[in-house]
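Dear colleague,

I am passing a structure on to you with this message.

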Amino acid sequence: MTVLIDIISGVREDLQARRNEVPLSEITARAAAAEPVRPFDLSADFGVIAEVKRKSPSRGDLAEIPDPGTLAGLYAAGGARAISVLTESRRFNGSLADLDSVRAAVDIPVLRKDFMVDEYQFHEARAHGADIVLLIVAALDPVQLGEFHALATELGMTALVETHNREELEIATELGAELIGANTRNLKDLSVDTDRFAPLAQLAPAGCTLVAESGVAGAAEVSKYADSGADLVLVGEALVTGGRPQAAVEEYTALGRERRSLSAS
Ligand SMILES: O=P(O)(O)OC[C@@H](O)[C@@H](O)c1c[nH]c2ccccc12
């Protein structure tokens with residue numbers, strides 16, 4: 001069984017438990033009553049989506065993060081464009097409580113980073129204040145992907161449509177996704193190869209906002225992704241383990257902007 005299928009079966013079990021506590025009718029009502037969405041400006045300058053990530057299936061425990069709100073505050077002070085919060089519990093040790101504390105601590109958009117496979121999770125994301133949700137093309141059939149994209153949009157959220165290869169990028173393009181992620185980590189075997197970004201960036205539709213996901217260990221990868229056309233970089237591990245979250249976000253943002261302006265001229 002691939003890692004992705006395995007993760008999703010755990011996600012479905014946990015979801016069933018939450019659903020027994022709070023039925024769909026109740027979660028949709030909570031979503032409708034939630035704080036308004038913070039719009040994510042797709043036309044802004046190069047930026048960093050900074051992730052709150054405690055653990056990962058490939059690397060195990062990364063950082064304790066006793067207070068995700070405090071970490072998010074440092075990211076925001078460094079100029080992060082959005083905060084990504086892992087809410088998957090079994091492999092990433094995340095939670096909706098983390099999403100709540102981050103949303104309360106900052107005033108920039110917050111991404112619920114999870115394996116979204118059921119309509120319930122979108123209402124739940126919004127009920128917990130999410131402004132952006134992740135849609136993983138590899139995890140969904142094209143019909144579901146279309147339905148979930150429409151649902152996220154209907155709820156006012158922006159969907160980050162994550163791709164890993166040419167075929168998935170074509171599906172994201174067909175969908176009309178405005179925010180497309182190219183993940184250099186293959187979710188089927190978890191290997192990262194930063195060289196995967198450039199060929200995908202080449203294929204991205206004109207006018208979309210492109211996010212380079214995974215594999216940023218430091219400035220070198222930020223430059224590499226920006227030079228290949230990334231509008232945003234999504235960084236987890238390096239920020240939670242590096243000990244200087246605010247300075248690193250500042251540095252990556254400045255560097256990416258510089259590289260983008262060089263490649264534009
Ligand atoms: O820690 P990294 O290598 O900076 O990666 C961050 C992010 O790209 C990664 O957490 C991620 C990308 N897509 C995902 C989907 C599910 C869970 C996690 C992810």
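Predicted model: local features only at pLDDT ≥ 70, side-chain atom pairs only at ≥ 80, totals over all residues.

Residues are numbered from 1 along each chain as its sequence is written.

The chain has 11 helices and 10 strands; these are DSSP runs numbered from the N terminus, helices being H or I with at least four residues and strands being E with at least two. The radius of gyration, taken over C-alpha atoms, is 17 Å, close to the 18 Å that the globule rule (2.2 Å times the number of residues to the power 0.38) gives for 265 residues, so the chain is as compact as a globular protein of that length. Its C-alpha atoms fill a box of roughly 55 × 40 × 35 Å, taken along the principal axes.

An unreviewed UniProt entry annotates residues 6-250 as "domain: Indole-3-glycerol phosphate synthase"; UniProt positions are given in the numbering used here, feature names are shortened, and annotations may be inferred rather than shown by experiment. Over residues 6-250 the chain is 42% helix and 18% strand.

Of the 265 residues, 45% count as buried, that is, 20 or more other C-beta atoms, placed from the backbone, lie within 10 Å of the residue's own. In strand E6 (residues 132-136), 5 of 5 residues are buried. In a regular strand the side chains alternate between the two faces of the sheet. In E6, Ile-132, Leu-134 and Ile-136 lie on one side and Val-133 and Leu-135 on the other.

E6 pairs in the parallel sense with strand E5 (residues 110-113) over 2 bridges, where pairing requires that DSSP finds at least two bridges between the strands. Val-133 of E6 is the bridge partner of Arg-112. E6 also pairs in the parallel sense with strand E7 (residues 158-163), over 5 bridges, and Leu-160 in E7 is the bridge partner of Leu-134. The chain crosses from E6 to E7 through helix H6 (residues 142-154) in a right-handed β-α-β crossover: with the strands pointing away from the viewer, the path from the first strand over the helix to the second runs clockwise.

With kind regards

Terms used. Buried ≥ 20, exposed ≤ 12 C-beta atoms within 10 Å, placed from the backbone.
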